[in-house]
Amino acid sequence: MKERDIQFFRPLWRRIAVVAVCVVWAVLELLHGEQLWIFITLGLTAYAVWMFFISFPKEAPPAESKEDQNVPPPA
């Protein structure tokens with residue numbers, strides 16, 4: 001994930017919402033009997049769980065200072 005994505009998904013409720021939408025979509029496909037879409041949505045759900053809860057960074061990354069940005073000082 002890119003830094004801006006990590007910052008967007010830092011609040012827990014956003015990560016839960018994305019996973020919940022994937023689960024609801026998978027259940028709807030299951031009720032309709034669409035086998036291909038069941039596997040696709042279950043794959044998306046598994047990927048979302050992995051990215052948002054298992055491998056998601058627990059701590060916020062340190063803020064970059066102006067010296068770390070490799071920007072020359074103003075003249």
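Helix H2 counts 21 residues and spans 31 Å from its first C-alpha to its last, close to the 30 Å expected at 1.5 Å a residue. The model is predicted.

Burial along H2 was examined next. Five names stand out: Arg 15, Val 19, Cys 22, Ala 26 and Glu 29 are the buried residues of this helix. Viewed down the axis of H2, these buried residues fall within an arc of 80 degrees, so they line one face of the helix. An α-helix has 3.6 residues a turn, so residues three or four places apart point the same way. Helix H3 is included in what covers the buried residues of H2. The other side of H2 carries exposed residues: Trp 13, Val 21, Leu 31 and His 32. Just after the helix comes Gly 33, which takes a positive phi of about 80 degrees.

The surface was then searched for nonpolar patches. One patch, of about 540 Å², is made by Leu 12, Ile 16, Val 49, Trp 50, Phe 53 and Ile 54. Two elements give two or more residues to this patch: helix H2, residues 12-32, and helix H3, residues 35-54. H3 gives the most, with four residues. Ile 54 is placed in helix H3.

H3 is part of the cover over the buried residues of H2.

Terms used:
Residues are numbered from 1 along each chain as its sequence is written. This is a predicted model: local features need pLDDT of at least 70, side-chain atom pairs count only at pLDDT 80 or more; totals for chains, interfaces and linings use all residues. Side-chain values use heavy atoms; hydrogens and water are left out. Patches are made of residues with over 30% relative accessible area and no salt bridge: like charges are joined within 9 Å, nonpolar side chains (Val, Leu, Ile, Met, Phe, Trp, Tyr) within 5 Å. Accessible areas come from the Shrake-Rupley method with a 1.4 Å probe; for residues, only the protein chains shown count as cover. A salt bridge is a side-chain nitrogen of Lys or Arg within 4 Å of a carboxyl oxygen of Asp or Glu. The expected span of a helix is 1.5 Å times one less than its number of residues. Buried means under 20% relative accessible area, exposed over 50%, partly exposed in between (1.4 Å probe, protein chains only). The arc is that of the directions from the helix axis to the C-beta atoms. Contact means heavy atoms within 4.5 Å.
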